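Thank you all for coming. Please have a look at the sequence and the fold on the screen, and then I will take you through some of the contacts one by one.

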Amino acid sequence: MGTLLKDLFSPALVVRMADNIVLHDHRFDRDGFVNAASHDMDRLELKQRSNQVLDALLTYLPNDFSEAAAIITQSLAPAQDGSINDITDPQEQASGPGIRGWAIMPMADFIARKGQDNVELSMDSLYHLTQRFTAEFAIRPFLINHTEQTLAILAGWVNDPSVHVRRLISEGTRPRLPWGIRLPVFVQDPSPVIDLLTTLRDDRAEYVRRSVANSLNDISKDHPDRVAGIAQEWLQNGPETRQRIIRHACRSLIKQGHVPTLSALGFGSVEVVASDLVVENAVVQLGGSVGFSLYIKNSDPSARDLMVDYAIHHRKANGSQSAKVFKWKKLRLKKDEQILLSRQHPLKAITTRKYYAGIQRIEIIINGRSVAQGEFELQI
């Protein structure tokens, strides 16, 4: 069994932090910090462990923020390239001088907690910290409380040699970053974020480009038409790497069958003739599967690219239905070409969905347009 994520915060990691901090602050109460930061750590979850270490830093580092920030920066390990997975490797965290990896999380949170009155120094500290783990969570209070100043500093980092600094720009400004506090100002108007993403869209590192895509996917949840427009604009004479960014960025919109996005990706309105949907089994037991098939024909005067999805409209507790869209296939049909499509969809108990007995509906969607429907009864 592999190491649990929470166990990367261990008493040994706390001792390592203390040993490196005391090298640069001889007044630092090493034993007091270790005892406070590692107290009953095995009973705590990941974020609780990080917060306990943060509380110990707040207690045992100097009250003067400039002094504390200098000690934190001086205690860091040499900067590394590579992805966050390389930095957080348990063996890497424990090797060589200085602090790196998961220990950086509470240190970055310390900067966010204590440094709101000194943005320049705080951002400089996060600049160094993010190269040893990530400061994508700690930077967000600065984006909320000091929006323009923080954005101006980030804009000056877009060509930084460090891949981790460049990724901080795209990841730290994500409006809906998982695990991170939401950035309401960018949820409402993502224009400043889009400006930064446009600069980073062709970054030499896939690590950064994928972060750009994830940020655009965040934005698409509140501004789908705007992201569709960005997709259309960026795809014009864009390199293959940018095409991959757009496909990843638009994954939620594609799954929803968002017509402007599908059109931007080349799956525009098309004349498709579909037969009736044939549902192979009218009654399905939970744990089994439902089979369905149909013929589709391209009636357009030229060959067309088709994105075929299907939705299962699951019955809810109150008798209404809720659709879940599934990707099926992409294909290209010549003029008047016809093809038979068939599928088996499993209906197995999973932790993320509760099934209810009764009529469920199947819907076939091509390039965002519903072309055929059918029903089956689910028995539990």
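This is a predicted model: local features need pLDDT of at least 70, side-chain atom pairs count only at pLDDT 80 or more; totals for chains, interfaces and linings use all residues.

Asp 31 and Arg 30 form a salt bridge, with 2.9 Å between their closest N and O atoms; by a salt bridge I mean a side-chain nitrogen of Lys or Arg within 4 Å of a carboxyl oxygen of Asp or Glu. Residues are numbered from 1 along each chain as its sequence is written, and side-chain values use heavy atoms, with hydrogens and water left out.

Coming back to that pair, Asp 31 is partly exposed at 47% relative accessibility, and Arg 30 is partly exposed as well, with a relative accessible area of 28%. Here buried means under 20% relative accessible area, exposed means over 50%, and partly exposed is what lies in between, with a 1.4 Å probe and protein chains only.

The structure holds 22 salt bridges, and I will pick out a few. Glu 240 is joined to Arg 247 by a salt bridge whose closest N and O atoms are 3.2 Å apart; Glu 240 counts as partly exposed at 40% relative accessibility, and Arg 247 does so at 35%. Lys 327 and Asp 309 also meet through their side chains in a salt bridge, at 2.9 Å from N to O. Because Lys 327 lies in strand 6 and Asp 309 in strand 5 (residues 304-315), this pair ties together parts that are 18 residues apart in sequence. Helices (H or I, at least four residues) and strands (E, at least two) are DSSP runs, numbered from the N terminus. Of the two partners, Lys 327 is partly exposed at 35% relative accessibility, whereas Asp 309 is buried at 3%. There is also a network, in which salt bridges with shared partners join Glu 136, Arg 167, Glu 171, Arg 174 and Asp 218.

Let me turn to the sheet. In what order do the strands of the open sheet lie? The order of its 5 strands is 3-9-8-5-6, and the pairing is mixed, where two strands pair if DSSP finds at least two bridges between them. Strand 3 (283-285) and strand 6 (321-333) are at the edges with a single partner strand each, so one side of each has no neighbour in the sheet. From one strand to the next, the twist averages 30°, taken between axes that are lines fitted to C-alpha atoms, with angles running from 0 to 180 degrees between N-to-C directions.

Strand 3 runs parallel to strand 9 (residues 369-379), and 3 bridges link the two. Val 284 has Leu 378 of strand 9 as its bridge partner, and Gln 285 stands opposite Gln 379 of strand 9. Strand 8 (residues 358-366) and strand 9, by contrast, run antiparallel and are joined by 9 bridges, with Ile 362 partnered by Gly 374 in strand 9. Their hairpin has 2 residues between the strands, and Asn 367 there takes a positive phi near 50°.

Now to the helical part. Helix 11 (163-172) is largely enclosed by the rest of the structure, because 10 of its 10 residues are buried; among them are His 164, Arg 166, Arg 167 and Glu 171. At the start of helix 11, a side-chain oxygen of Ser 162 comes to within 3.2 Å of the backbone nitrogen of His 164, a polar contact, that is, a pair of N or O atoms within 3.5 Å; within protein, one must be able to donate a hydrogen and the other to accept it, and residues adjacent in sequence count only if both atoms are side-chain atoms.

Asp 160 sits in the loop between helix 10 (147-155) and helix 11. What is the nearest side chain of opposite charge to Asp 160? It is Arg 166, 6.0 Å away, and Asp 160 is buried yet has no salt bridge; in this count Lys and Arg are positive and Asp and Glu negative, with His and the chain ends not counted. The side chain of Asp 160 does reach the backbone nitrogen of Ser 162, at 2.9 Å. Leaving out residues up to four places away in sequence, Asp 160 touches Tyr 127, Val 165, Arg 166 and Arg 204, contact meaning heavy atoms within 4.5 Å.

Finally, Ala 69 lies in helix 4 (residues 65-74) and is buried, at 1% relative accessible area. Beyond its neighbours within four places in sequence, Ala 69 is in contact with Ile 111, Leu 121 and Ser 125.
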